Structures are given as C-alpha cells and as structure tokens.
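Subject: Structure handover

Hello,

Here is the structure you were expecting. Please look it over first; my notes come after it.

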Amino acid sequence: MKAIVTVMLKSGVLDPQGKAIAHALGTLGFTSVNDVRAGKIIELDLAETDPDKARAMAEDMARKLLANTVIESFRVSLDG
Amino acid sequence: MKAGIVVFPGINRERDMAIALEQSSGAKPRMIWHQETDLSGLDLVVIPGGFSFGDYLRCGAMAAQSPVMASIRAHADRGGYILGVCNGFQILTEAGILPGALLRNAALRFLSMDCHLRVERSDTVFTARYQKGQTFRAVMAHGDGNYFADDATLDRLEGQGLVALRYASPQGNIPLGNIPLGNIPQGDVTKDANRNGSARSIAGIYTPNLRVLGLMPHPEDLVDPLMGSTDGKPLFDALAAA
C-alpha cells in the first residue's frame, strides 16, 4: 500500500521559497496569484495492507522524521 | 576539559574545529564517528559544521537519528558540555536538545561572509573570556541559518537568559522589528546585521543549564592571526580552562 505524506511549512512560518515562486509567476504575467506556499511530498511504499495501520505508521514516521513539527505540518493520504 | 568532535558523513569543518580546540587546550580532541556510541571520559562534545548527509530532507534531520545521538542526549542529560556550530546547531535543534529550528535564509541565498556577534552574558563556560555586551567578529557560511521559534519559546529563551549571541553591528547595535522579506542590504550597519533574518536577531542559544550552546556562525574560523583575526579564540580558551 502506498502512503503519501505531504509536508508543508506551518501557516505563520515565513516561506521565502513560496514568496520567490509567487514573485516569478508575477513576472511571467500570472497576476492573479495571491500567495504561494511550497512544500514536499514523500511517497512511501508500505508492506502493510490494512489502511488504518498504514496510515498510523505513516503518521508516526512523519512525526519522528519526515516533518519537523516545530515548523512543519503534514497530512497523510493512502493510495491503492 | 577533554573534548571530542562528532563526525557525520558530509561534515567538513571537523579539522578546523580540532585546530581551534587543540590550539587553546594543547590536547588533540578525539574524533568520534557517528556510528560510535561511547562518549565516556569526554567533558565536551562538539558537533561541527558541514553538510551532514547532504542536507537531505532538512539540514541535520538525518544526523539527528544517528546512533551517536542517543549518547549525546545522555551526555546532555548528565550535565555534559556540548558545542554545536552551524550544521551542529541545526542537528541539536533537529534532535530536540535545543528548541526552535533553522529555516532557509530570508533572502534564499547562501551567505558566506563576516558577521558580528554580541555576547549576551559572560557568566557561562563558553563566554567567560568575553565581556557582556562585547561584540566579536565571526564568519557565517550557511544557507539555512534563519532562527525560528514560536513567540512563547522566544519569550522563554529571553526571559531565562538563554540567548547566547545576537547578530549585531560592529558597535553592538541589534536590528529591531521584523526583518523585511528578501532582506536586501540597506546600507545601514544595524539593519543589515541580521542578514539571515533570524527571529529577534538570535545567532546562538543555550539550554537552561547553560551547558549546551548552539550557534550558526563559526568562531573556529578566527583563532589565529594568520586567519585575519583571533576574535573566536576566547571561546576556545574559556572551554580549555574550564
């Protein structure tokens, strides 16, 4: 079973990368962009087949390593 | 005090650190590979700068899970001294030994330049050879040195006197207020002092027992007249004498 962990900077934490992307989009003519936040996606291929267990496992991994919860939030979704 | 330097794959400042420590103490520090767990006999554990594990995931995130880290945490718990510089500071925050995190520099640029640090207190084993309020020169070389913590944590650090060093002008003035996004140099020595955008201009912090210090700039870069300055040497002299 695949688990997808999306890690984003928490709202309130300055995201200079997102600001830079927003600025670049503006210079490309995309003038309707209000804000951009950049994060990362981590795909986990798990041997676990039980969705609840897979989700709990991925959340545990996110808390311990994949995200730094001081500055980042995460969400887990399951795929297949 | 007897010192050891922890070496992770991708760390590249361990020999500079060893030179600085040996010059002040006369003793060669022990090099500790990250898979070792025996820190017995050491008073001071130093985590030097570099790019441990290629800065993958987040700076210091992988190193914080290395076998040696459990021993370093135990060393901290029994009141041992720890100095983390640059990547070493990032590793200490990732391991939860120091609070907060180091974000990407506000201007998104890697900063390789001199800075000035104001000593916030001189009654610790690290700063005993400086005066309180004194400013000394150091070198910064980092892409992720923008210190972040929530307001409650920042208030606690300040309230308990745990801010060790702040970015300052050479005269010791601290930039106040929010750092503008992008943090473009404004030609003002005070406003430009905090180039990475750190919260409250914080460059280094202590644990509550004042025995763990993490800082982004490199005091070990300026410990010999041949390096252009000896501004960082008092830190190593104080550690050697303690």
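The notes below cover confidence, the contact between the chains, and then some helices and strands.

This is a predicted model, in which local features need pLDDT of at least 70, side-chain atom pairs count only at pLDDT 80 or more, and totals for chains, interfaces and linings use all residues. Residues are numbered from 1 along each chain as its sequence is written, while chains are lettered from A and ligands numbered from 1 in the order in which they are written.

Confidence and contact

The model has an ipTM of 0.87 and a pTM of 0.94. Where pLDDT is low, the predicted coordinates should not be read in detail.

Ten residues from chain A and twelve residues from chain B make up the contact; two residues are in contact if their C-beta atoms, placed from the backbone, lie within 7 Å. The side of chain B that touches chain A consists of seven nonpolar, two polar and three charged residues. Here Ala, Val, Leu, Ile, Met, Phe, Trp, Tyr, Cys and Pro count as nonpolar, Asp, Glu, Lys and Arg as charged, and the others, Gly among them, as polar.

Helices (H or I, at least four residues) and strands (E, at least two) are DSSP runs, numbered from the N terminus. Helix H1 of chain B (residues 14-25) has twelve residues and should span 16 Å at 1.5 Å a residue, which agrees with the 16 Å between its end C-alpha atoms. The expected span is 1.5 Å times one less than the number of residues.

The buried residues of H1(B) are B:Glu14, B:Met17, B:Ala20, B:Leu21 and B:Ser24. They fall within an arc of 125° seen down the axis, so they line one face of the helix; the arc is that of the directions from the helix axis to the C-beta atoms. A residue is buried if 20 or more other C-beta atoms lie within 10 Å of its own, exposed if 12 or fewer, and partly exposed in between, with C-beta atoms placed from the backbone. Strands E1 (3-7), E2 (30-33) and E3 (44-47) and helix H5 (233-241) of chain B are among what covers these residues.

Five of the five residues of E1(B) are buried, so the strand is largely enclosed by the rest of the structure. B:Ala3, B:Ile5 and B:Val7 point one way, and B:Gly4 and B:Val6 the other. E1(B) runs parallel to E3(B), joined by three bridges, with B:Ala3 opposite B:Leu44. E1(B) also pairs with E2(B) in the parallel sense over four bridges, where B:Val7 has B:Trp33 as its bridge partner. Two strands pair if DSSP finds at least two bridges between them.

Chain A: helix H2

Helix H2 of chain A (residues 51-66) spans only 19 Å between its end C-alpha atoms, whereas a straight helix of 16 residues would span 22 Å. A:Ala58, A:Ala62 and A:Leu66 are buried in H2(A). They cover an arc of only 45° around the axis, which puts them on the same side of H2(A). A:Asp52, A:Lys53, A:Asp60, A:Arg63 and A:Lys64 are exposed on the other side.

Regards
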